[in-house]
Amino acid sequence: MIRKYAFIVVSTLISLSVFPKGADDIYKEFSKKEGVQSLNVGSLGLSIAKSCINFSDKELKDNIKDIKSVKILSFDECSKDDILSFKNKVSNLKTEGYELILKNNEDNEDVSIYVKIEKEKISEMVIVSISDSPSMVFIKGTIDPEKISKSK
């Protein structure tokens, strides 16, 4: 009986480790790796940055005022194993609830942009670049596509 429960627990853990991960999970996993450059700017940091920047375009300032966080991963200085692992994880990126708005394959670089839309506004954006030196940008907040299209 104990073997049966142990088998169920081990099977569950294995299945969770290979299940497609979301952008937050990928960020958490790789931001701790040696040589991976990571940046996580939360709402307080963004508020300070927004107040320090002199925006000449008021509409641009209005478009970014509701961004809550920006997370960036860059793999310029990490091991090839970490790059391969990242490429594998993002190729299986959990995109349920996201819409692919751009996919571009050019010059050995594959760029994809996914957005999550809630109430006709973008609530999350994930930008993934797969190349020899891949990167990922994950933005959370409210972005109004209509305001962007009106921006100069």
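## Strands S1 and S2

Strand S1 (residues 37–41) pairs with S2 in the antiparallel sense. The pairing runs over 5 bridges. Leu 39 stands opposite Ile 72 in S2. This is a predicted model.

S2 covers residues 67–74. Of its 8 residues, 6 are buried, so the strand is largely enclosed by the rest of the structure.

## S2 and S6

S2 also joins strand S6. These two strands run antiparallel, with 7 bridges between them. Two of the residue pairs can be named. Ser 69 has Lys 140 in S6 as its bridge partner. Ser 74 has Ser 135 in S6 as its bridge partner.

## The whole sheet

Both pairings belong to an open sheet of 6 strands. The order across the sheet is S1-S2-S6-S5-S4-S3, and the pairing is antiparallel. Which strands stand at the edges? They are S1 and S3. Each has a single partner strand, so one side of each is left without a neighbour in the sheet. Neighbouring strands are turned by 5° against each other on average, direction ignored.

Helix H5 packs on this sheet. H5 touches S2, S5 and S6. The direction of H5 makes about 140° with that of S5.

## Nonpolar cores

The largest nonpolar core has 18 residues. Those with the most contacts inside this core are Ile 26, Leu 73, Phe 75, Phe 86, Val 126 and Met 136. Helix H2 (23–30), helix H5 (80–91), S5 and strand S6 (135–143) each supply at least two residues. Which element gives the most to this core? H2 does, with 4 residues.

Leu 73 shows what such a position looks like. Setting aside neighbours within four places in sequence, Leu 73 is in contact with Ile 26, Phe 86 and Met 136, among others. Its other contacts include Tyr 27, Phe 30, Val 36 and Pro 134.

A second core is separate and has 9 residues. Among them are Val 70, Val 115, Ile 122 and Met 125.

Ser 112 is found in strand S4. Is this residue buried or exposed? Its relative accessibility is 6%, under the 20% cut-off, so Ser 112 counts as buried. The side chain of Ser 112 makes a polar contact of 3.2 Å with the side chain of Lys 103.

Val 126 is one of the residues with the most contacts inside the largest nonpolar core.

## Two loops with positive phi

Asn 108 lies in the loop between strand S3 (99–106) and strand S4 (109–118). Asn 108 is not a glycine, yet has a positive phi of about 60°. At 74% relative accessibility, over the 50% cut-off, Asn 108 counts as exposed.

Lys 119 lies in the loop between S4 and strand S5 (121–130). What is the phi of Lys 119? The value is near 55°, again positive in a residue other than glycine. Lys 119 has 81% relative accessibility and therefore counts as exposed.

Key. Residues numbered from 1 in each chain as written. Predicted model: local features only at pLDDT ≥ 70, side-chain atom pairs only at ≥ 80, totals over all residues. Heavy atoms only, no water. Buried < 20%, exposed > 50% of the residue type's maximum accessible area, 1.4 Å probe, protein only. Core = buried A, V, L, I, M, F, W, Y, C linked by side-chain atoms within 4.5 Å. Contact = heavy atoms within 4.5 Å. Pairing = 2+ DSSP bridges. Polar contact = N/O pair within 3.5 Å; in protein donor to acceptor, adjacent residues only side chain to side chain. Axes fitted to C-alpha atoms, helices over the stretch in contact; angles between N-to-C directions.
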